[in-house]
Amino acid sequence: MQKVRAKKSLGQHFLKDLGVARKIAETINPTVSEKFPVLEIGPGMGVLTQFLLQNPNINLTAIELDRESVAYLKEWYPELKLIEGDFLKLDLNNVFPAGEFGVIGNYPYNISSQIFFKVLDYKDRIPVCSGMIQKEVAERIASKPGKKAYGILSVLLQAWYDIEYLFTVDENVFNPPPKVKSAVVRLRRNSRTSLDCDERLFKTVVKTAFNQRRKQLRNSLHEFITDEAKLENYLTKRPEQLSVEEFINLTKLLQPCQN
């Protein structure tokens, strides 16, 4: 069977370096008595899939949107549990009715942020998520306060996960080569069980603040503020100066104003 054609509309860039694929597969390596369920997103021609299937500690399921890739995978990896569909529309509770599961993939660059936001929706069931994304997005996810890359994705993910920027991947290991460098990251669920504030308001505050990131919080969050005296430690700051904990505290101070 012929190789799958990479489709620009799906953001496909097929990894061809087996060494890199093996390293990515090893970012999820559970040491458990029972097989750990793992979902691979966008396996393409299975360069990462083959190493995940070889891991005796992993019970692998994959989801692929591209019909040509689905046909290829069914021929070359008949043992693979394969879902044909769109991950962003998938109800993960139907795929994994109970317990924890991991997520991995060479993620399409055009939806990588949406993938991580969906992982957040299942944060209490996904203890680990790893994979390859655009280097710029990886830097954004792992960035600390005060850095230019620090933003919405940084705060929302770091509230619930410890982020590791593992390694950079050059363009020439893909077919076709992307115009940007890539990077592999790993998210491990932290010990936080609650934000101790209104989580919906927390998300709104973070997104509103960074949507006007050049402005001081006094201006960007003016619609939420009714008592400036309580917020004097925050009003002259810009959003990239606040840690996750400070955004949580800020939300708690704003919370009574929303009731």
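The dialogue below takes the sheet, then the helices, then the cavity.

A: This is a predicted model, in which local features need pLDDT of at least 70, side-chain atom pairs count only at pLDDT 80 or more, and totals for chains, interfaces and linings use all residues. Residues are numbered from 1 along each chain as its sequence is written, and side-chain values use heavy atoms, with hydrogens and water left out.

Q: In what order do the 7 strands of the open sheet lie?
A: Strands are DSSP runs (E, at least two residues; helices are H or I, at least four), numbered from the N terminus, and two strands pair if DSSP finds at least two bridges between them. Here the order is 4-3-2-5-6-9-7, with mixed pairing. Strand 4 (81–84) and strand 7 (161–169) are the edges, each pairing on one side only.

Q: In which sense do strand 7 and strand 9 pair?
A: Strand 7 and strand 9 (residues 182–189) are antiparallel over 8 bridges; phenylalanine 167 stands opposite valine 184 in strand 9.

Q: Which strands does helix 5 touch?
A: Contact means heavy atoms within 4.5 Å. Helix 5 (residues 112–121) touches strand 2 (36–41), strand 6, strand 7 and strand 9.

Q: Which residues line the largest cavity?
A: Rolling a probe the size of a water molecule over the atoms shows where empty space is left. The lining comprises Leu217, Leu221, Ile225, Leu231, Tyr234, Leu235, Leu250 and Leu254, where a lining residue has an atom within 4 Å of a point on a 1 Å grid over the protein atoms alone, and a cavity is a set of points where a 1.4 Å probe fits but cannot get out.

Technical notes. On a 1 Å grid over the protein atoms alone, a cavity is a set of points where a 1.4 Å probe fits but cannot get out, and a pocket is an open set with protein on both sides within 12 Å along at least five of seven lines; lining residues have an atom within 4 Å of a point. Axes are lines fitted to C-alpha atoms, for helices over the stretch in contact, and angles run from 0 to 180 degrees between N-to-C directions.
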